[in-house]
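I opened my notebook for another look through a structure, one entry per stop. Here is what I looked up, in the order I went.

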Amino acid sequence: MDSVERLQSLQNATLEAIARGEPLAAIMTSLCLRVEAIAPEVVCSVVAVDAESRLQPLAAPSLPASYAAALRGVPSGPRVGSCGTAIHRGSAVEVTDIASDPLWQGHEHLVLPLGLQACWSSPIKARDGRVVGSFAFYYRRKRGPDTLERRIVATCVHLCAIAIEHDEVRTRNHQLAYFDALTRLPNRAQFNDAIARMTARAEPCFGLLLIDIDHLKAVNDTMGHATGDRLIETVAARLAEVAGTGTAFRIGGDEFAVLLPDCGQAPQLRAAATAILAAMPAPFDHDGNTIIPSVTIGAALAGADGTDSVTLRQNADFALYHAKETRRGRYVRFKYGLRTSMMRRVQIVQTVDDALAGGRVLPHYQPIIRLDTGELAGVEALARMRLDDGRIVAAGEFHEAMLDPKVAYRISGQMLAAVAADMAQWQSVGLELRHVGINFTTADFQKGDLVQRISRVFERAQLPLERLVVEITEQVIMGGRRDGVARTMEALRERGIQVALDDFGTGFASLTHLLDFPVDIIKIDRSFIGGIEAGARSNVIVEALVGIANRLGVKIVAEGIETTEQLARLRAMGCVFGQGYLYSRAIPAAGIASFIEDLRQRGPAMQPDARTATAA
């Protein structure tokens, strides 16, 4: 076989190896050996260059490993031997005497002891013009290339370019498939593979941490997604830094996982979680915003908390969910009681979903009474659910489902539509209820469309907005961004909708909320009303709240009035409005007319004793 045929065979073999997906180093090694068989006087090498323009040897099968090791990581430049200089220049470099050529000064000791005296290096260029490496011939005597060798190099440089570009594409595809583009951490696919391998062992021993970034949505909504991405990157970098022998993964938008090998004890798991929590709070600035990262962690131990990947992941999820509800910014390890409570919640959510789909979430109305005259001042719409068997259950039985923001948002939407329909019906028969209160949650305020939702529904029903009272708890104020909640409240009041602060006194720093979030109505929580009969402290607190509200020009409603003694004390304090079982439980919309008629028959000085008998 002549040299032309051998060169054609080399080309075919190299292209076949590329097509089969063989490793780049193996392809280059085979290429070098085939070239050296065609041209016995040459010693062949292939060098790649990384993103920082550093040399990364790919193949030099006839040179000692020490040569490749010495070359690895050397920056390319104007006087870095033949290869480094060819890469730097982007053109071929022929050195016929390494010992005397200035391009090799400081590097000649790498090759002269090997008996190599000359070197010809050609740059390898990708299709876009980038220099991605060099292909070199070393000679054992001082000389340059001959005609055959030039033909060989022309062919091999082209083959090397194809092989390196193919490897780049394969590496990029692997990166996209198995690594997160934003954080460069291994992604969900890698996590699934890793946890499957670890649980497949005879006696799996590792820990799993699931980590959520706190308040990422609020950052995205208020500061922009660029700041949110910066927050994600920062958390990822800190996780990777403190993971130690563990591996950090990004498995979702704001969710990460850390797998901790050889972690078989709870103290080890806690120590890893504590290190992560401690690494987070350092502030960083982005686009004029100062961010203090915070994360919440749920954890599970392989073996103790599950032996298969599905159970282990699910249990860590239960722990994380519980942590976000009860210990946000902290760490919770899975306990079997959590699984029971979470499964119960899942079942409740499913029940509520079914009820929502069937239009079986409906309002009942608890009257609000003027305590001095016994007249009806308004009603509060309370959510009820009709089960498949026809039984009506109060919100307390499906309260857990409302911890899910999506469920809470859907419930308030169905309640709003139903209340508007009931109000329109009352209006059509001449019942003009002055005020109807509807409870809204953090989810309604976070969505950002509450004013528009209410306006659309009331406009469709041809109802005046002035008759609606939006009731919120202090949790709504604390659960959303302060300026966002305040703006929504202001927009509601501008349209004539009154805002009531419900369950007042049960949250944090209640009085300060009255400074930042002006409301029209304060509803004193039943826990204070229940204590005014026997406790001087409750008496003092309620009396003070009534006085504050009166001075601020805010209406006050006492919740949970159940006895005539409570009523008498509230009247004496100057509390004007109240609701509770002393007057009525929540009743269906159809019962409002008869309730109003009953009030009229009893007259303005309604006797509480009679109502107590009715309420019982």
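This is a predicted model: local features need pLDDT of at least 70, side-chain atom pairs count only at pLDDT 80 or more; totals for chains, interfaces and linings use all residues.

**Entry 1: a glutamate in a loop**

I started at Glu559, which sits in the loop between strand S20 (555-558) and helix H20 (564-573). Helices (H or I, at least four residues) and strands (E, at least two) are DSSP runs, numbered from the N terminus. Residues are numbered from 1 along each chain as its sequence is written, and side-chain values use heavy atoms, with hydrogens and water left out.

Is Glu559 buried or exposed? I found it buried, at a relative accessible area of 6%. My cut-offs are under 20% for buried, over 50% for exposed and partly exposed in between, with a 1.4 Å probe and protein chains only. The side chain of Glu559 reaches the backbone nitrogen of Asp503 at 3.4 Å. I then listed what Glu559 touches, leaving out residues up to four places away in sequence: Glu380, Asp502, Asp503, Lys523, Ile524, Asp525, Arg526, Ile529 and Gln579. Contact here means heavy atoms within 4.5 Å.

**Entry 2: the whole chain**

Next I zoomed out and counted 22 helices and 21 strands in the chain. The radius of gyration is 38 Å, whereas a compact globule of 616 residues would have one near 25 Å. That radius is taken over C-alpha atoms, and the globule rule is 2.2 Å times the number of residues to the power 0.38. Along the principal axes, the C-alpha atoms fill a box of roughly 120 × 50 × 45 Å.

I noted that 47% of the 616 residues count as buried. Of the contacts between residues at least 6 apart in sequence, 64% join residues at least 24 apart.

**Entry 3: a strand and its partner**

Gln56 is in strand S2 (residues 55-59) and is partly exposed, with a relative accessible area of 21%. Which side chain does Gln56 meet in a polar contact of 3.5 Å? I found that of Arg72. A polar contact is a pair of N or O atoms within 3.5 Å; within protein, one must be able to donate a hydrogen and the other to accept it, and residues adjacent in sequence count only if both atoms are side-chain atoms.

Thr155 belongs to helix H5 (residues 147-178) and is buried at 16% relative accessible area. Beyond its neighbours within four places in sequence, Thr155 is in contact with Leu7 and Gln11.

Leu185 is in the loop between H5 and helix H6 (188-199), and is buried at 8%. Its contacts include Tyr178, Phe179, Ala236, Phe249 and Phe256. Leu185 and Phe256 are 71 residues apart in sequence and 9.5 Å apart in space, C-alpha to C-alpha.

**Entry 4: positive phi**

Most residues other than glycine have a negative phi. I therefore marked down the following cases for this. His215, in the loop between strand S6 (206-213) and helix H7 (216-223), has a positive phi near 60°. Gln462 has a positive phi of about 55°, and is exposed at 67% relative accessible area.
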